[in-house]
Amino acid sequence: MLRVQLLGKTALNWDGHPLEHHLSGKGIPLLYLLLQSETHFLTRDKLACYLWPDSAAEAAKYNLRYTLWQLKKALPLCGEETFVVTKKGGCQLNSQYPWQCDLVDIKHSSITSSANQELLRLSQLFRGEVMEGWYLKNCGEFNDLILMDRMLCERRQVELLRLLAGRYQDEGNYQLCLDTLHKITAVEPNNEDIARFIMDTYIRLGDRVGAIRYYNQFACTLWNDLQLSPNESLQELYSKLKGGQSSQPEVSPGRLPNELVITAQGLPQVQGSLVAEVIEGLLEQLGPAQFLGIELPYIQDLRWLSSALEAVYGAHAGVPLPPSPGHVPDVRIVGSFRALVRFICAHSKRHLRLVCCGEADPLSAAALERVGAMKEITVEYRPPEFVHNIN
């Protein structure tokens, strides 16, 4: 059987043997046009208009004849059947020839009536965009056709994954539901309905912190991409989660009353990575409102460590974070981090325990040494594997 892959890197093979190397530059586009129309008849004039719009009529017809001959030569016979049937004035695919194409499968699939196994098979066909990397110079109609197919496949992919996630949730397979929903976010990162679905699924899993963490990530992405805040429904759910009791078990022995524990693991070779993890952990646990009261220069200094801090500030303050003037020296970052955690402890009236797993980079080590001297803060260093036991 001939198998044609048009999503992601284009490829065609016969019983596992690759054939695309036998085709010239317009061979794959011609094959795409034939598959796009399936068994419908395409005139030679129409094909030439798609692929050689700027060529003289005779030159375009010659190029088409040569490319069709090359395509027919590259594809094996099945008995006496050829893949392409040429007729006077045009050509079409042979309905008697055995072939399979991912794009055609996706277009023909009846998603709502398909079983989960079939939906999974179809979901694996989305390896990338239709005709990924293909663009024919001065062939506007051809390029527009590809663009329309890309948009159609994107909608179909979201529709398929949304249906599959809903079925998993109905069956109580919440982790599979989450995994499927996160695939949608790779296609539509700013879809607020999917963000709500993901947060609801975390809640069903009993993972309140996971729902809060995802909200903060989504708010950052939405602000970075569109300079918008999440809708009222998402903000209301987030507020309820922040005001509720944690569904996570207490995991750290010896916890003080009203103590906030932040676990972080940085990269020793990346300056400031451990402190950045601490800042993002504070954002997840406390929410952005706790950060907005601190003096602006401190946040401007720390933006170099955490893009999440910058994005969350913009999302909740309603204006972008003003840029800091020039390079920020390490000593200022250390001082700003100390000011930040002191402010948080004072306004939240909580003791802060920072559990640092693994080796700290020099900048983070200096910053944590400064804050560790404060009575409101405890800094602990643990082996790297300890983070898994805490989380």
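Predicted model: local features only at pLDDT ≥ 70, side-chain atom pairs only at ≥ 80, totals over all residues.

User: Which values place tyrosine 66 and tryptophan 69 in their accessibility class?

Analyst: Tyrosine 66 stands at 40% relative accessibility and tryptophan 69 at 48%. Buried would need a value under 20% and exposed one over 50%, so tyrosine 66 is partly exposed, and tryptophan 69 is likewise partly exposed.

User: What makes the pair of tyrosine 66 and tryptophan 69 stacked, tilted or edge-to-face?

Analyst: The ring centres of tyrosine 66 and tryptophan 69 are 5.8 Å apart, and rings pair if their centres lie within 6.5 Å. Their planes stand at 35°, whereas stacked needs under 30 degrees and edge-to-face over 60, so the pair is tilted. Both residues belong to helix H3 (residues 57-74), where they are 3 residues apart and therefore separated by about one helical turn.

User: How do you know which class the pair of tyrosine 215 and tyrosine 238 falls into?

Analyst: For tyrosine 215 and tyrosine 238 the distance is 4.0 Å centre to centre and the angle between the planes is 15°; since planes under 30 degrees apart count as stacked, this pair is stacked. The pair links distant parts of the chain, with tyrosine 215 in helix H9 (residues 208-226) and tyrosine 238 in helix H10 (residues 232-243), 23 residues apart. Tyrosine 215 has a relative accessible area of 1% and is buried.

User: Why is strand S9 (residues 351-357) described as largely enclosed?

Analyst: Because 7 of the 7 residues of strand S9 are buried, the strand is largely enclosed by the rest of the structure. Both of its faces are covered, with His351, Arg353, Val355 and Cys357 buried on one side and Leu352, Leu354 and Cys356 buried on the other. In a regular strand the side chains alternate between the two faces of the sheet.

User: What makes S9 and its neighbours paired strands, and in which sense do they run?

Analyst: Pairing asks for at least two bridges. Strand S8 (residues 259-264) and S9 share 6 bridges in the parallel sense, with isoleucine 262 opposite leucine 354, while 6 bridges also join S9 to strand S10 (residues 377-382), again running parallel. S9, helix H15 (residues 362-372) and S10 make a right-handed β-α-β unit.

User: What makes the phi of aspartate 15 and of methionine 131 worth a comment?

Analyst: Most residues other than glycine have a negative phi. Aspartate 15, however, has a positive phi of about 50°, and methionine 131 has one near 50°. Aspartate 15 lies in the loop between strand S2 (11-14) and strand S3 (17-18), and its relative accessible area of 54% is over the 50% cut-off, so aspartate 15 is exposed. Methionine 131 lies in the loop between helix H5 (116-123) and helix H6 (140-171), and at 0%, which is under 20%, methionine 131 is therefore buried.

How values were computed. Residues numbered from 1 in each chain as written. Heavy atoms only, no water. Helix = DSSP H or I, 4+ residues; strand = E, 2+ residues; numbered from the N terminus. Buried < 20%, exposed > 50% of the residue type's maximum accessible area, 1.4 Å probe, protein only. Right-handed = clockwise from strand over helix to strand, strands pointing away. Phe/Tyr/Trp six-rings, centres within 6.5 Å; stacked < 30°, edge-to-face > 60°.
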